[in-house]
Amino acid sequence: MQQRPEGLIQGIAERGFLVGGDRLTTTSGGTYRHHDPATGLEQAEVLLAGKDEVDQAVRAATEAAPVWSGMPVDQRARILLRLADLLEEHAEEAAVIGAL
């Protein structure tokens, strides 16, 4: 059975940010209230990244770049194909994330 959109959106919002393999649930950037554009009803309170989270994400990406670029192309391709498979498996959730 599919989850109602409100529950799915709130569940995603509660997960916070994924930065360098760590979940961050800080509110240093504040929050915003996400509303369903069709009904105007509030669906979730969503965390916003602040300066510290953005700095941490940039550091994590900077550290990961040499590892990724040094990886053989066929290995990167396998990773990206796995990502595509996961996006297909979780299409509804990916669409909700994209809509936030």
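I began with the surface: the chain exposes about 7,200 Å², of which carbon and sulfur atoms supply 58%, with accessible areas taken by the Shrake-Rupley method with a 1.4 Å probe and, for residues, only the protein chains shown counted as cover. I kept in mind that this is a predicted model, in which local features need pLDDT of at least 70 and side-chain atom pairs count only at pLDDT 80 or more, while totals for chains, interfaces and linings use all residues. Residues are numbered from 1 along each chain as its sequence is written, and side-chain values use heavy atoms, with hydrogens and water left out.

I then looked up burial, and of the 100 residues of the chain 18% count as buried (under 20% relative accessible area, with exposed being over 50% and partly exposed in between, for a 1.4 Å probe and protein chains only).

For the overall dimensions, I noted that the C-alpha trace spans about 50 × 35 × 20 Å along its principal axes.

Next I followed the secondary structure, which runs α-β-β-β-β-α-α-α along the sequence, with helices (H or I, at least four residues) and strands (E, at least two) being DSSP runs numbered from the N terminus.

Finally I turned to G20, which sits in the loop between β1 (17–19) and β2 (22–24). G20 counts as exposed because its relative accessibility is 62%. Its C-alpha lies 5.2 Å from that of A60, although G20 and A60 are 40 residues apart in sequence.
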